[in-house]
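Good morning, and thank you for coming.

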Amino acid sequence: MKNGPVFFFGLLAAAGISWGGLVLGSHGQLSSLPPYYDEIQSQNFPARMNGLAARGQYVYSDLGCAACHTQQVRRPGYGSDKERGWGERQSVARDYIYQPRPQLGASRLGPDLATYGARAEKNPEAAAQLHALLYAGSATHPAYPFLYNEEPLVGQVSNKALKLSSGGRPGMQIVPTERAQTLAAYLLTLNHSFDFPEAKPLPAPAAKKQEPSKK
Amino acid sequence: MSNSPTNAASAEVTTIDTTARGPLLLLVGAALVWLVISGILALIASIQLHSPHFLADCSWLTHGRTQALRETAFIYGWAANAGLAVALWVLGRLGGNPLRALNWVVVGGVFWNLGLAGGMAGIAGGYMTSFSFFQLPAGIQPLMLLAYAAIALSGILAWGGRRTDGTYAAQWFAAAGLFVFPWLFSSAQLVLLWAPVRGTAQAVAAGWFAQGAWTLWLAPLALAGAYYIVPKSAGRVVPGYEFAPLSFWTLVFLGAWTGGRHLIGGPVPAWVPTMAVAAGSMLIFHYAVTLANLRIASAGTGTAVRYIRFGVWAYFMVGVVELIACFRGPALSVQFTFLATALEQLGLYGALSMMFFGAIYYMVPRLTGNPWSSAALASGHRIGVILGVSLLVLSLAAAGWIQGQALLDPQVSFAQIAERIRTPLLGATAAQLLLLAANLILLVNFCKTACACAKSASQPALFRQPASLEASA
């Protein structure tokens, strides 16, 4: 390879072609994806996150929760995602269009969180359990005590105070910081809000019983 | 035909080496320091996997941040510095002239490492970008880009100012590793940080960068050292060399197309992971030719070539197993498990790092003109690293296999999975401890060697000359 300019141009072309193909190609397909307007509910889906939850996604991102949790449900039949209750359908690109930095994750040391909010809705103690888990951890989940403040109990117990089974120190209460509150708000909104048409499985091909009539 | 050591010190150390001594030793020293730092972080992260409450009180070392710190220190600290040193040295040697713009290399090296230190503090403080292989805080990345360009300039000038018209494979890989990275890095910064694409297109772009960094940046830097050292150590012409150009261009054109390999079944268009399979299949040609070319490493003698031998075989294995893992069937068991981590470690540690170790062991005596300060420490490092990498990859693979099978069974809870994989993860922690100890040994050996050089030790290095060497560059 003697010709320097041709060599370097070839390298540039190689990097450029893969960038053009993968990045620009997917950008062309995904970046102008509009929300889906459902006429029955007269609403766009997905809805944008509320402010508290939107800030919570940044907390999720900077703590690196994506190191152990995914937020992408695989289609039914491909893995046990549906059987584990993680979602009735697979996640599609439209679910993420209003997330500034989707936290898809690449590792499942813990459960998938894409529909955590939906599972939590069925459980009235969900928020309290979430805060307890984040504060104290468990055998398999790290603790994040720095997301909570221990404050002196003056007068009434704060309505945000954690109700810990082990009981706190007398005269003290554990209160979530703003970061913990936004993180919890974010996790409790995570949901597949709508059954998009592209998420429905393809109909099975009809059995080919007729003899071929066209040539 | 014996390989008796000859006193060919003067022939092996030329002005190319003496002029480049300071800057390249700076880069190698920085690389080894970052390797040890990454090792400490890897040990902490590994402990946290089976004992989640380890250091949980410290927000800087919460598990997610520790993983980002470990990965960043390894790639941008160890691999980048080592790769730059190897590439510049190879281009200088094969170019036949002393390296130019070495002041730029020093300035670039200092700012790269300072920027990295700042970036690591940023990650610990919660400013990481959350993209794999790309965790450095957004603010520091342009500085890293400029620092890299300053260092790479010397290599590109060495290519342009070479004495011979023709070029060797080692030069192509070195030039590719130096030249492509700024484009890769800046394009990724553009679409992920400055003008982010929407939604899951970010995942595709991040995958493109991560695979591009492996195939277009780090692997070429390692192969540059391998293609230079192996024929010289073995004293033979590279077999099948006529396929090397095609192998090189296959890697360069197809490497980044495997960017979708972690997005199988994910919320991206199906053609993205399918392209990864297609590109991965064609890339087997590159891996096969590399192995065919460099298998003569088994005939080589000396410390350096033993590392490279291990590295080349690991590199081939990574190519094959990565392809198998891209197919949707095997991906069901591999995706999201420690099997993927094991494969990544096989590539980064087993292939890349071993080739860099070999290049460092070969390069440093020729730069300093002195032998390595302690042969015992060198052996200790070699045994420690080979055992450590093997144990690490096997432990993670075992954990990943158990985890993968358990994840497919919806009746198995995550607490049960954690219980089942605890023992292999303890093995992985032991491996990280062994690797840290071995790399500390190498750092100590390097410091002693470099300090001896600074004090002008009187003992010249003895270089092995294979008796049947036809040509030498």
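Let me begin with a definition: buried means under 20% relative accessible area, exposed means over 50%, and partly exposed lies in between, with a 1.4 Å probe and protein chains only. This is a predicted model, in which local features need pLDDT of at least 70, side-chain atom pairs count only at pLDDT 80 or more, and totals for chains, interfaces and linings use all residues. Residues are numbered from 1 along each chain as its sequence is written, chains are lettered from A and ligands numbered from 1 in the order in which they are written, and side-chain values use heavy atoms, with hydrogens and water left out.

Over all chains, the search finds 13 salt bridges, a salt bridge being a side-chain nitrogen of Lys or Arg within 4 Å of a carboxyl oxygen of Asp or Glu.

One of them joins Arg179(A) to Asp62(A), with 3.1 Å between the closest N and O atoms. Arg179(A) belongs to helix 5 and Asp62(A) to helix 2, 117 residues apart; helices are DSSP runs (H or I, at least four residues), numbered from the N terminus. Arg179(A) is partly exposed at 32% relative accessible area, whereas Asp62(A) is buried at 8%.

Next, Asp81(A) pairs with Arg108(A) at 3.0 Å. Both residues lie in the loop between helix 2 and helix 3 of chain A, so the bridge ties together parts 27 residues apart in sequence.

Key: Helices (H or I, at least four residues) and strands (E, at least two) are DSSP runs, numbered from the N terminus.
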